[in-house]
Amino acid sequence: MQISIRELKVNPSHYIRQAQAGHTVWLTSYKQVVARLISVPAPASQTLLGNIPNVHWLGKKPTLNRPRPTLRGKSLADTVLEMR
């Protein structure tokens, strides 16, 4: 299916659903094909992580249960103020 960029701007969700359904949507600008919308075969998170065993992404920031390091001495801001 070929559509212009103007048509895509009017109803983007319709054409994205078409691509998700497996149809190839060709985008044209001044009757020249400039891009295409296609469905992604695997979830993006699985593609990025690969097939690493016991690694799953839940779509959130990771929670780390390790203590944060404590710094000793002057802060960087204090050092910069002294150097001015």
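Trainee: How many salt bridges does a search of the whole structure find?

Mentor: One salt bridge turns up in the whole structure. The term means a side-chain nitrogen of Lys or Arg within 4 Å of a carboxyl oxygen of Asp or Glu.

Trainee: Which side chains meet in it?

Mentor: Glu82 and Lys74, with N to O at 2.7 Å. Side chains of opposite charge can pair when their charged atoms come close.

Trainee: Are Glu82 and Lys74 buried or exposed?

Mentor: Both Glu82 and Lys74 are exposed. The cut-offs on relative accessible area are under 20% for buried, over 50% for exposed, and partly exposed in between (1.4 Å probe, protein chains only).

Trainee: What should I know about the model itself?

Mentor: This is a predicted model; local features need pLDDT of at least 70, side-chain atom pairs count only at pLDDT 80 or more, and totals for chains, interfaces and linings use all residues. Residues are numbered from 1 along each chain as its sequence is written, and side-chain values use heavy atoms, with hydrogens and water left out.

Trainee: Okay, the fold. What pattern does the protein chain follow?

Mentor: Along the sequence it reads β-α-α-β-β-α-α. That is four helices and three strands. Helices (H or I, at least four residues) and strands (E, at least two) are DSSP runs, numbered from the N terminus.

Trainee: How much of the chain is buried?

Mentor: 8% of the 84 residues count as buried.

Trainee: In what order do the strands form the sheet?

Mentor: The order is β1-β2-β3, in an open sheet with mixed pairing. The edge strands, β1 (2-4) and β3 (32-37), each pair on one side only. Two strands pair if DSSP finds at least two bridges between them.

Trainee: And how do β1 and β2 run?

Mentor: β1 and β2 run parallel, joined by three bridges. Ser4 has Thr28 in β2 as its bridge partner.

Trainee: Which helix packs on the sheet?

Mentor: Helix α2 (residues 12-20) does, touching β1, β2 and β3. Its direction makes about 140° with that of β2. Axes are lines fitted to C-alpha atoms, for helices over the stretch in contact, and angles run from 0 to 180 degrees between N-to-C directions.

Trainee: Back to Thr28. Why does Thr28 count as buried?

Mentor: Because its relative accessibility is 12%. Leaving aside neighbours within four places in sequence, Thr28 is in contact with Gln2, Ile3, Ser4, Ile5, Val33 and Val34. Contact means heavy atoms within 4.5 Å.

Trainee: What about Ser29?

Mentor: Ser29 lies in strand β2 (residues 25-29). It counts as partly exposed because its relative accessibility is 27%. Not counting residues up to four places away in sequence, Ser29 touches Ile5 and Val34.

Trainee: Which residues make up the largest nonpolar core?

Mentor: Five residues: Ile3, Leu8, Tyr15, Val25 and Leu27. Such a core is a set of buried Ala, Val, Leu, Ile, Met, Phe, Trp, Tyr and Cys residues joined through side-chain atoms within 4.5 Å. Beyond four places in sequence, contacts of Tyr15 include Met1, Glu7 and Leu37.
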